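Take a walk through this model, one chain at a time.

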Amino acid sequence: MIPSPLAMAPRPSFPDHAIAGLAGASFKPQHLNAILEDTPAGLFFEVHAENYMGAGGMPHAALAGIRSRFPLSLHGVCMSIGGENPLDEDHLARFAALVERYQPALVSEHLAWSTHDGVFYNDLLPLPYTNATLARVCDHVSRMQDAIGRTILLENPATYVLFAQSDWEETEFLAEVVRRTGCGLLLDLNNVFVSATNHGFSPMTYLGRFPLDHVGEIHLAGHDTQADDDGQPLLIDSHDRPVADPVWALYRTIIGQTGPLPTLVEWDADVPEWPVLKGEAQAAQAILDDAATTYMIGKRHAAC
Amino acid sequence: MPPAEKAWNRNAFAGALTDPLAPMPAGVTRRGGGGAVRRFAVYRNNVVHSLVTAIADIFPAVAALTGKERFAHAARLYLEECPPRSPILAELGRDFPAFLDRFPPARQQMPWLAHLARLERAWLDAWHAADAAPMEAGALSAIPPESLAETRFRPRPAARIIAAPFAIADLMEAGRAGLPASPGGAQTVLVTRPHLSVEIRLLDESAAAFAARLLDGATLEEAHAAGEAAGHEAFDIGASLGLLLAAGALAAIEPACATGEDN
């Protein structure tokens with residue numbers, strides 16, 4: 001049995017930092033000193049939970065340094081919510097311990113799978129959207145929420161293939177997971193653009209069906225352009241370059257509708273110097289600030 | 001039930017990710033139907049590339065001294081033979097040294113490679129090891145002289161000893177700096193993490209035997225005997241104990257010796 005984090009004594013070792021209306025950046029360890037010297041105000045940082053599941057040492061020292069100064073978002077990438085097998089209880093316990101230790105402002109995971117029959121594939125793999133996969137995803141989201149003692153935000157995937165068997169639209173599927181589990185959503189606009197291009201639908205049609213009222217965070221990132229079997233553009237969710245202009249345009253439109261939401265710029269490969277990544281986050285912040293002046297603040301609570 | 005060509009099977013999908021000769025899994029398609037081979041290949045590439053990269057990140061000197069393509073080839077074979085079982089990348093590659101030990105090209109051309117891999121895996125374990133306060137040097141002087149021989153120490157979680165019939169410390173330093181290195185000469189290495197950075201120290205034969213026993217929970221007298229038995233000259237226990245303390249290898253005196261223990 002895993003001890004419930006709710007049953008443990010609170011560890012008020014970190015200050016509360018509000019994340020509402022802020023832009024953020026992926027935290028990369030090589031940026032630690034630059035960030036601490038720069039002391040940027042009004043930013044949050046997001047980390048991949050699995051990178052902080054060691055016992056001690058530099059990773060935790062760095063994360064504690066970030067967490068004490070900035071709002072933190074904890075983003076799981078390997079829970080395998082979309083997997084067939086029950087969630088890994090050891091992994092749930094490690095995740096719950098991280099949530100307990102760092103008290104992040106946001107916690108999120110993916111509508112994807114990465115482990116099957118005990119083998120870990122280290123990628124966000126797609127699943128067909130059927131009644132059977134829906135039931136399993138809901139079980140897994142609920143199990144994770146029980147284990148960590150709070151709700152999560154579930155992220156829409158970037159996909160490269162479709163499944164003949166799918167009989168739910170992705171947006172309906174996500175809305176039903178929200179309805180059944182009470183989770184929120186992480187809307188990744190780069191993923192929307194990548195999937196829309198890869199599968200030939202309009203990103204605005206997708207977003208028109210997306211349950212925007214349940215979005216607690218937005219992700220922006222860069223993508224690579226390749227070609228598929230017929231020479232059609234095949235976009236890859238590569239997180240290795242600046243956010244593309246059409247994705248910024250989607251972002252302006254969506255933020256105009258929802259009002260300010262915590263917005264992360266992800267950059268995970270070919271990571272640039274800190275000022276470049278900070279510049280991307282500031283570009284998102286400028287759009288958030290524009291929206292804040294025109295949107296009635298307080299109409300909506302951004303953080304879940 | 002959907003028709004067979006529509007039905008997706010996760011075993012087939014998962015199997016095809018790591019087997020380049022496997023056919024396209026059933027039920028995988030694209031808008032309007034048609035070929036999805038290059039689309040499915042994105043997942044294949046992501047899985048193999050990300051895991052090979054993760055292995056290279058854990059064993060950077062092995063990767064550098066092997067050469068990029070040869071290393072990627074070995075890592076792919078290793079991943080086929082020992083698929084990752086943990087979703088934590090830092091846990092990967094625990095049996096990579098053993099794989100290199102039985103991998104014919106490495107055995108024949110670079111018999112030192114598995115030993116170097118063992119040191120690099122230990123380096124990463126020290127990097128992530130639990131935090132623990134180091135023992136203060138003054139704690140030793142608080143031990144009554146008559147109890148000294150029976151004293152045992154608790155090692156700090158990051159401390160470990162790796163012994164090899166090759167110059168593994170030289171190979172690691174050179175490989176990580178992108179320089180060539182000569183594998184000649186046996187080396188025994190103390191891996192510790194005094195604060196947040198991992199440190200590597202060479203131990204001579206006596207110090208190595210002494211440190212191995214002491215970190216394993218033996219008494220000072222037993223470790224001393226091991227040090228004397230291993231060396232060719234008179235064993236300097238003070239210098240060896242001082243080295244362990246300076247390297248931050250020791251956490252505390254055991255059993256609970258009330259004086260001098262502050263954690």
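**Chain A**

Among contacts in chain A between residues at least 6 apart in sequence, 78% link residues at least 24 apart; contact means heavy atoms within 4.5 Å. This is a predicted model, where local features need pLDDT of at least 70 and side-chain atom pairs count only at pLDDT 80 or more, while totals for chains, interfaces and linings use all residues. Residues are numbered from 1 along each chain as its sequence is written, chains are lettered from A and ligands numbered from 1 in the order in which they are written, and side-chain values use heavy atoms, with hydrogens and water left out.

Chain A has nine helices and 13 strands. These are DSSP runs, numbered from the N terminus: helices are H or I with at least four residues, strands are E with at least two. The radius of gyration of chain A is 18 Å, close to the 19 Å that the globule rule gives for 304 residues, so chain A is as compact as a globular protein of that length. That radius is taken over C-alpha atoms, and the rule is 2.2 Å times the number of residues to the power 0.38. The C-alpha trace of chain A spans about 50 × 45 × 40 Å along its principal axes.

Of the 304 residues of chain A, 58% count as buried. Buried means under 20% relative accessible area (1.4 Å probe, protein chains only). The accessible surface of chain A is about 11500 Å², and 53% of it belongs to carbon and sulfur atoms. Such areas come from the Shrake-Rupley method with a 1.4 Å probe; for residues, only the protein chains shown count as cover.

**Chain B**

Now turn to chain B. There are 11 helices and six strands here in chain B. Its radius of gyration is 24 Å, well over the 18 Å that the globule rule gives for 263 residues, so chain B is more spread out than a compact globule. Its C-alpha trace spans about 85 × 40 × 25 Å along the principal axes. Of the 263 residues of chain B, 46% count as buried. Among its contacts between residues at least 6 apart in sequence, 64% join residues at least 24 apart. The accessible surface of chain B comes to about 12700 Å², with 56% belonging to carbon and sulfur atoms.

Pick out one residue. Leu79(B) lies in helix α4 (residues 68-81) of chain B. Leu79(B) is buried, at a relative accessible area of 12%. What does Leu79(B) touch, not counting residues up to four places away in sequence? The list is Leu51(B), Val52(B), Ile55(B) and Pro84(B).

**Empty spaces**

Rolling a probe the size of a water molecule over the atoms shows where empty space is left. On a 1 Å grid over the protein atoms alone, a pocket is an open set of points with protein on both sides within 12 Å along at least five of seven lines; in a cavity, a 1.4 Å probe fits but cannot get out; lining residues have an atom within 4 Å of a point. Grid points are joined across faces, edges and corners, and a volume is the space filled by probe spheres set on the points.

The second largest pocket has a volume of about 450 Å³. It is lined by 19 residues, of which Tyr129(A), Leu162(A), Glu169(A), Glu170(A) and Phe201(A) lie nearest its centre. α7(A) gives the most to this lining, with three residues.

The structure also holds two cavities of 30 Å³ or more. The second largest cavity has a volume of about 30 Å³. β4 (106-110) and β5 (113-116) of chain A each supply at least two residues of its lining.

How values were computed. Buried < 20%, exposed > 50% of the residue type's maximum accessible area, 1.4 Å probe, protein only.
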